[in-house]
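Please walk through this model strand by strand and helix by helix.

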Amino acid sequence: MIKIENLHKKFGDTEVLKGIDLEVKKGEVVAIIGPSGTGKSTLLRCINYLEVPDKGVITVGNVSVDAENHNKSEIHDLRKHTAMIFQNYNLFQNKNVLQNVTEALIVGKGMKKQDAEKEAINQLEKVGMSDKIHQYPITLSGGQQQRVAIARSMATKPDILLFDEPTSALDPEWVQEVLEVIKKLAEKHHTMLIVTHEMKFARDVADRIVFMDGGIIEEEGIPEELLSKPKSDRTREFLKVTKLGDL
């Protein structure tokens, strides 16, 4: 489904990604954990070229893009296979809930307005937001806005959902409702790559956990093994700080 080969990214003199290799199978949920500043979000942004990698090949479905030899058409094709859910929702403040979801369908996919609205309402029902279709983002809680953002992403029928710390901007009271929506997507075997600091959530939902540190993948494995019996000293140190054993 998705394959990342030897991915590198620098910002100035700082090398943020130092040769990442990662595969995510269809229907698999992979959680990426690790300390702040280690390249987790940059990795996600490089996958759909919100950040342009310096080196490496990204393959999603039947589309491959080589960072050192690509064109705009290839990037456009790659983005059609992915959908990004951001920390801060990125909703259009001047559009209501329904319009936020239909925008990508009408403009990006060329759907008729009636068909786009039908699909949007279908996805909004799945995240419990179909009763808010005429409201604007400013009237919604953070949790509600993130649920709209998830519905917007699902409506485009992507091959993979990329979640960039989807609960980090939420008040504690709204975190659980968003995690429950993501958990339901996992139960339906949607392919997902999730950067998260919610360790219990990663343990309960992910098929596999990837621990990143210093721009590399330090260790990866199934949750039960990586979280309880990590092989790397660096992984053990990180998990000790997170107090995973108290969860």
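**Strands, helices and their packing**

Strands S6 and S7 (residues 160–164) run parallel and are joined by four bridges; helices (H or I, at least four residues) and strands (E, at least two) are DSSP runs numbered from the N terminus, and two strands pair if DSSP finds at least two bridges between them. Within this pairing, Ala 83 stands opposite Leu 161 in S7. The model is predicted, so local features need pLDDT of at least 70 and side-chain atom pairs count only at pLDDT 80 or more, while totals for chains, interfaces and linings use all residues. Residues are numbered from 1 along each chain as its sequence is written, and side-chain values use heavy atoms, with hydrogens and water left out.

S6 and S7 belong to an open sheet of six strands with mixed pairing, in the order S6-S7-S8-S3-S9-S10. Strand S6 (82–85) and strand S10 (216–221) are at the edges with a single partner strand each, so one side of each has no neighbour in the sheet. From one strand to the next, the twist averages 20 degrees.

Helix H5 (residues 142–155) lies across S6 and S7 and runs at about 175 degrees to S6; axes are lines fitted to C-alpha atoms, for helices over the stretch in contact, and angles run from 0 to 180 degrees between N-to-C directions. Helix H6 (residues 172–187) also packs on the sheet, where it touches strand S3 (29–33), S7 and strand S8 (192–195). Contact here means heavy atoms within 4.5 Å. The direction of H6 makes about 150 degrees with that of S8.

What angle do helix H3 and helix H4 make where they pack? H3 (residues 97–108) and H4 (residues 113–126) pack at about 125 degrees, and their axes are 9 Å apart. The two are therefore oblique to each other, given that angles under 35 degrees count as roughly parallel, over 145 as roughly antiparallel, 65 to 115 as roughly perpendicular and the rest as oblique. Among the residues making the contact are Val 101 and Leu 105 of H3 and Ala 120 and Leu 124 of H4.

A further pairing involves strand S1 (residues 2–11) and strand S2 (residues 14–24), which run antiparallel and are joined by eight bridges. His 8 stands opposite Lys 18 in S2. S1 and S2 form a hairpin with two residues between them, and Gly 12 in the turn has a positive phi of about 65 degrees. S1 also runs antiparallel to strand S4 (residues 55–60), with five bridges joining them; Lys 3 stands opposite Thr 59 in S4.
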